[in-house]
Amino acid sequence: MTRVVLVCVLYALSVAPLLGRPLGSSGQSVGFFLKPMVIEANVRPGARLKTQLEIRHSGDSETRVIRIHLWHLSQNAGGWVTVDPGDQSASASVKERSCVPWVRLSRESVTLTPGAVETIDFELAVPSSARGFYGAALTVEPEAPRDRPGVTLNVRFLVPILIQVDSPTAFRKVQVSNPGLVFRPQEDGRPSYTELRLSLSNPGSVLVRVELNVRISAQVGSGWRTVSEVTTEKRRLLPGAAFDVGIALPRSLPKGTYKIDARCISDQVTLSTVSSEVEYEGDPSVQVLRTDAPLVLDPSVVEVSGAPGSTRTVYLSLTNPLEEPLEVACAATPVAEVAGRAMGDLLGESYLCTKWTTVTPARFTLRPGREQRIRLQIAMPREGLDHPYYYTKVTLVAAYPDGQLAGHTEALVFLRNVMAEPSPKVELQPAVFLKQGREEVLIQQEVVNVGNTHAEVVCSASLRDTAGLREFRSVRLSSSNNLLLPLLGFKCEGVMNLNGLADGSYLLVTTAEFAGKTETRRTLIRISTGPNGKEVEVLQPPDGSRSEPVASGSQGKGKGRR
């Protein structure tokens, strides 16, 4: 009998039409479970990084052999690309920026019986001469059953290894260019659509997480009217990576003149913009130009409180400001960022109240100028409510009578469990310094919510003498959104001018203020004057700690499922 093996690759960026979908740091397939799904760290030259791969058999009754392989890492529009370390044709840039020689695994295969868990020690030794970004990848794959006839689906996990080594000359730069519109005709049962094309590159020296925000306007008379806005999900972009991306627009567009305004955003900061007018051949099946409807749910933030076993009801309203009717569908949806996270054994899904929430009506026609009341009913379980707050979204999607998408909107729901006490707490990760100009440095600070409730967080940084007494400089570290739900984190940043400061050692103190509390982190740095201006070097780990760094996600922070 014929035996066919299909291989499916899962990794921390799934291949999605809108640049990619981050999965976090653990993954589950049919048969086994793996964490972390990403090994990512900022380290000093000469550092040693240690963590463990945990593999759990969660499938059928068969004993499986799992094999682990180490690769060079590259990237294209579809996601991560593995390169065989023995491939002599691999590009020089891929080999020069590979950390494959630094990696040691305690073993390269494990045998798992059903329900068993095995760990593999991972160690990475950074050379003292290393500076900048280095990458590699692990693939974790079970051997396909040899005696099983028919078609077998074999899942291969790809774990990127992303290492940023401190460098006084590290800088961030991303470019977006060459915008255009392309018509994609119907094919293999897929409907026709309009595709936005852009070129994306990272000529900088650091890994960045980017998203694209694109506004497309149509020429109507002597002016422009916005017809579509798209924000892609974030993806990591390797230094040196350059490729074209295609984004399927939410609605197909007719023939006409359009203006494309695109922004490339990293950590809430716009790094690159491009604006261009294009002539588009158009989708011949679309004759009427549609625009995004300005849909607004009132209120956009809903706060409800109750005790376990109680049922709470609140109302929202939606108004149609257009001159034609809209077909609207609405439902409670998970807060995706929280659902895809974990911290140890604590899953983000445990903070969601989506399954207890009913939205009515689920579908309705909204006439021009009319308002629709929407009932939100939350039935709290009697048992198992340990958190003080639970969260969900209410998402509405509207369409025009001809079926074209009119837009969507959402509201965020905070459900207070009055029988549990909130305990806000955040952690500050090591600060990152990037060269911004001859006399300026960009300070990045990541904040992670490790408490059991949401918090508004405001961050700042101050430069002091090594005793921490005299302050020389201070700067507000800004972010586009200061609200942190449980298990989530964000990066805030600010530019500090070092002009006039004498070369020498200083103490950088970063501070997070939240819920009437303050969390600080101290980093001893050296400021020196080089040929390209002021440079910053980290002299010791934050707060004087000399413990070895641990890979990002190695404690289960960030869980993802395909």
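Reader: Which residue is the bridge partner of T360 in β31?

Author: With the caution that this is a predicted model, the partner of T360 in β31 is R375. The strands involved are β29 and β31, the latter covering residues 371–379, and they pair in the antiparallel sense over four bridges.

Reader: And what sheet does that pair belong to, in what order?

Author: The sheet is an open one of four strands, arranged β23-β25-β31-β29 with antiparallel pairing. Its edges are taken by β23 (297–298) and β29 (357–360), and because each has a single partner strand, one side of each is left without a neighbour in the sheet.

Reader: What about the sheet with β26 in it, what is the strand order there?

Author: That open sheet has five strands in the order β24-β33-β32-β26-β30, and the pairing is mixed. Here β24 (301–306) and β30 (363–366) stand at the edges, each with a single partner strand, so one side of each lacks a neighbour in the sheet. From one strand to the next, the twist averages 25 degrees.

Reader: How many bridges join β26 to β32?

Author: Seven bridges link β26 (residues 326–333) with β32 (residues 389–399), and the two strands run antiparallel. One of the paired positions is T333, whose bridge partner in β32 is K393.

Reader: Stepping back, how many helices and strands are there in the protein?

Author: The protein has two helices and 43 strands. Of its 562 residues, 49% are buried, and among contacts between residues at least 6 apart in sequence, 71% join residues at least 24 apart.

Methods:
Residues numbered from 1 in each chain as written. Predicted model: local features only at pLDDT ≥ 70, side-chain atom pairs only at ≥ 80, totals over all residues. Heavy atoms only, no water. Pairing = 2+ DSSP bridges. Axes fitted to C-alpha atoms, helices over the stretch in contact; angles between N-to-C directions. Buried < 20%, exposed > 50% of the residue type's maximum accessible area, 1.4 Å probe, protein only. Contact = heavy atoms within 4.5 Å.
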